[in-house]
Amino acid sequence: MKIGQPTLPAPILTPIIKPWISALVTDKVKLSELVTKYDSPINIYNKSEFHHNIQTFQNLANELELDLGVFFARKANKSKTFVTEAKAAGIGVDTASYQEVKDCLDEGLPADQIVLTAAIKNRKLLSFAVQNEVLIVLDNRDELDLLAQVCDEQNKSCRVALRISGFLFEDARPTRFGFVMEEAYELLTQDFIEKEAYSPFQFQGFHFHINGYSIKERSTALTQAIQLSDQLQEKDIEVKFIDIGGGFLINYLEHKSEWEAFHEQLIKSVSKKAEPITFQNDPLGMLYHQGEIIGKPKVYPYYNECAKDVFLRKIVESNFDGETKIFEALKSRGIQLRIEPGRSLLDQSGITVAEVVFRK
Ligand SMILES: Cc1ncc(COP(=O)(O)O)c(C=O)c1O
């Protein structure tokens, strides 16, 4: 620190901690025993928090009388506990690899409660999914052709959904995965009908997952997916569901004022007007150039007021066509809304305990 720089107290960010965690972390003897017993860092789970998080989404659906399918995104945590609990809660699981699908089947999850959304799907994975009648979300034409071969080899049909992209956002950003909507329309109204090799495909619905945490982008994409479903309906093609993926926010912090103070202090630190508060004065995505701060920190919105069901409510209560809200548009068309929450179902449902070996 340079002489003359003011020393500000380090900003405090008070986390939200559920009572079961506070109670456990004060029991140092028990934790030490556990770490010694397993000779390893340990993960401790609380199933009831997972169920509580599922319930928050389901309560909203009940209130709005909305047909909602919840699929826990397994990629957020590999423990089989959450597959067991998803099954107990009667929800599905979103899987992203061979092993994830296998674990779900081994756990006795019914095939129609599993969805395969892996970004990379090789022959082995597709074969396994077809054999076990798991719904596959398709991303590109290569995948379609590979799946057609697999269905032919097994002489089996297969339930499929299409991952769609190319939504018209105000600040249009191309998405990496999926079919642009016009292409999806073409596929379903032409190739799926005309191409013999695609005859085993039973189209069920659409899927998308949008990076980041924008409610507006999600409601815009969902609106456009419903409009696409309407166009397909005119051709007698039924869209049973629209799956909007994950990304539901979690609120991790107790106080808004602390979160704001953290940002104010970060700007002072990065502008060299105060001591660093991040490692090597990392600007967390901002740029300090010629005495000026450019941009905003690119960090998770650790404090936010629209987590989980509130986030979903804002999406589904967004305007659809001036007269109707999105959830009403879904209901009137008999389209099920599906979500794939990962991290938001795990909020407060586990901790990792490890022994500090040294400080440096
Ligand atoms: C297809 C898909 N669904 C669900 C999720 C889960 O996201 P989150 O943990 O933010 O809810 C992801 C995360 O990358 C995803 O790619």
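Zoom to the ligand and pick R343: one of its polar side-chain atoms sits 2.7 Å from a ligand oxygen atom. With the ligand still selected, note that it exposes 400 Å² when taken alone, and the protein buries 84% of that. Keep in mind as you click around that this is a predicted model.

Next, show the backbone of G342, where an N or O atom lies 2.9 Å from an oxygen of the ligand. Do likewise for G247: a polar backbone atom there is 2.9 Å from a ligand oxygen.

Now bring up the whole shell. Select A73, K75, D94, T117, H207, H209, G246, G247, E340, P341, G342 and R343, the residues around the ligand. Colour them by class and you get 2 nonpolar, 6 polar and 4 charged residues.

What do the two share at their interface? Here, 6 residues of domain 1 are in contact with 8 residues of domain 2. About 490 Å² is buried between the domains, with carbon and sulfur atoms giving 79% of it. Select W20, I21 and L24 in domain 1: these lose the most area to domain 2, together 85% of what that side buries.

Last stop, polar links across the same interface. Expect 0 salt bridges between domain 1 and domain 2, and 1 residue pair in polar contact, with both residues at pLDDT 80 or more.

Technical notes:
Residues numbered from 1 in each chain as written. Predicted model: local features only at pLDDT ≥ 70, side-chain atom pairs only at ≥ 80, totals over all residues. Heavy atoms only, no water. Near = heavy atom within 4 Å. Polar contact = N/O pair within 3.5 Å; in protein donor to acceptor, adjacent residues only side chain to side chain. Areas by Shrake-Rupley, 256 points an atom, 1.4 Å probe, with all protein chains shown as cover. Nonpolar A, V, L, I, M, F, W, Y, C, P; charged D, E, K, R; others polar. Contact = heavy atoms within 4.5 Å. Buried area = accessible area lost by both parts, 1.4 Å probe. Salt bridge = Lys/Arg side-chain N within 4 Å of Asp/Glu carboxyl O.
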